[in-house]
Amino acid sequence: MLNVVVFGGPGSGKGTQAAKLVEKYRLVHLSTGDMLREEIARKTALGAAAAVLIDQGQLVPDEIVAAMIAEKVAAGKANASGFIFDGFPRTIPQAEMLDGLLSEHDLSVGKMISLDAPEDILVERLLVRGKASGRADDQDEKIIRNRIHVYHQKTEPVIEYYAAQKKFISVQGVGSVEEVFGRLCEVVEK
Ligand code: B4P
């Protein structure tokens with residue numbers, strides 16, 4: 001099974017590239033961002049609690065995303081040729097939880113691929129998306145900068161976690177969507 005974590009700052013291209021990888025390699029796409037937005041759209045209690053944090057550019061508690069992922073891995077395992085974890089893990093406890101969960105299913109993360117792009121490009125991409133999508137967390141530069149700050153503080157340490165397991169690979173995330181995808185496919189197939 002090909003289990004890949006697609007990693008990077010907000011706006012680095014995780015969701016965009018994960019969707020393309022899923023199509024090409026027939027994988028199951030697990031995006032915690034999409035799952036949370038679904039809860040918000042369905043107006044669940046979990047969604048209401050998550051919306052407050054997302055709209056401030058904060059992370060949602062580890063236990064919430066961990067429970068969502070556990071459910072989807074159990075459900076998707078039978079007919080998947082692998083999983084793409086998009087936007088998860090975002091903290092060290094999430095990374096530890098994912099290792100524990102996958103080992104319960106006799107699985108493991110094969111590669112953790114980080115998309116690198118400078119902060120100003122991230123901000124620009126998210127503001128453009130915010131205009132089209134109406135996503136509140138993409139419309140205000142202050143919130144976007146806070147998301148990037150939270151990324152440096154809580155999410156970037158996850159790189160060390162996978163580097164220690166020799167699974168971390170960094171890919172240049174600047175360029176057209178197709179150019180970045182080409183670089184990603186190269187490292188996925190190596
Ligand atoms: P996510 O949905 O994961 O949001 P994201 O980081 O903004 O998106 P992504 O990185 O996938 O977008 P992409 O660059 O592809 O999370 C949203 C929020 O949910 C988080 O802030 C957090 O609050 C919460 N959350 C999610 N997961 C969590 C977790 N595990 N733990 C705790 N909280 C969690 O796309 C951005 C834009 O760039 C698009 O418009 C795209 O078209 C464009 N783009 C992409 N690649 C491009 C390229 N090469 N050139 C030009 N534009 C490009």
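Reply: Start at Pro89, which is found in the loop between strand 3 (83-86) and helix 5 (92-104). Helices (H or I, at least four residues) and strands (E, at least two) are DSSP runs, numbered from the N terminus. This is a predicted model, in which local features need pLDDT of at least 70 and side-chain atom pairs count only at pLDDT 80 or more, while totals for chains, interfaces and linings use all residues. Residues are numbered from 1 along each chain as its sequence is written, and side-chain values use heavy atoms, with hydrogens and water left out.

A cis peptide bond joins Phe88 and Pro89. Its omega is about 0°.

Contact means heavy atoms within 4.5 Å. Tyr162 sits in helix 8 (residues 157-164). Its relative accessible area is 0%, so Tyr162 is buried. Buried means under 20% relative accessible area, exposed over 50%, and partly exposed in between (1.4 Å probe, protein chains only). Tyr162 and Val5 are 157 residues apart in sequence. In space they are 10.0 Å apart, C-alpha to C-alpha.

Stay with helix 8 for a moment. Two packed helices are described by the angle between their axes and the distance between the axes. Helix 8 packs with helix 7 (residues 141-155) at an angle of about 40°. Their axes are 5 Å apart. Axes are lines fitted to C-alpha atoms, for helices over the stretch in contact, and angles run from 0 to 180 degrees between N-to-C directions. That angle makes helix 7 oblique to helix 8. Angles under 35 degrees count as roughly parallel, over 145 as roughly antiparallel, 65 to 115 as roughly perpendicular, and the rest as oblique. Who meets whom? From helix 7 come Tyr151, His152, Gln153, Lys154 and Thr155. From helix 8 come Pro157, Val158 and Ile159. By class, this contact has 4 nonpolar, 3 polar and 1 charged residues. Ala, Val, Leu, Ile, Met, Phe, Trp, Tyr, Cys and Pro count as nonpolar; Asp, Glu, Lys and Arg count as charged; the others, Gly among them, count as polar.

Phe88 is in contact with Thr32. Thr32 is found in helix 2. Is Thr32 buried or exposed? Thr32 is buried, with a relative accessible area of 4%. Leave out its neighbours within four places in sequence, and Thr32 is in contact with Val65, Met68, Ile69, Asp86, Gly87, Phe88 and Arg90. Thr32 and Arg90 are 58 residues apart in sequence, yet their C-alpha atoms are 9.8 Å apart in space.

Thr32 also belongs to a helix pair. Helix 2 (residues 32-41) and helix 4 (residues 62-76) pack at an angle of about 100°, with their axes 11 Å apart. That makes helix 2 roughly perpendicular to helix 4. Thr32, Met35 and Leu36 are the helix 2 side. They meet Ile64, Val65, Met68, Ile69 and Lys72 of helix 4. These residues divide into 6 nonpolar, 1 polar and 1 charged.

Another residue of helix 2 is Glu39. Glu39 is buried too, at a relative accessible area of 15%. A polar contact of 2.7 Å joins the side chains of Glu39 and Thr44. A polar contact is a pair of N or O atoms within 3.5 Å; within protein, one must be able to donate a hydrogen and the other to accept it, and residues adjacent in sequence count only if both atoms are side-chain atoms. Beyond four places in sequence, Glu39 is in contact with Thr44, Leu46 and Gly47.

Last stop: the ligand. Thr32 turns up again here. It is one of the closest residues, along with Gly13, Thr16, Gln58 and Arg147. In total, 29 residues surround the ligand (each has a heavy atom within 4 Å of it). An N or O atom in the side chain of Lys14 is 2.8 Å from an oxygen atom of the ligand. At Gly15, a backbone N or O atom lies 2.8 Å from an oxygen atom of the ligand. At Gly175, a backbone N or O atom lies 2.8 Å from a nitrogen atom of the ligand.
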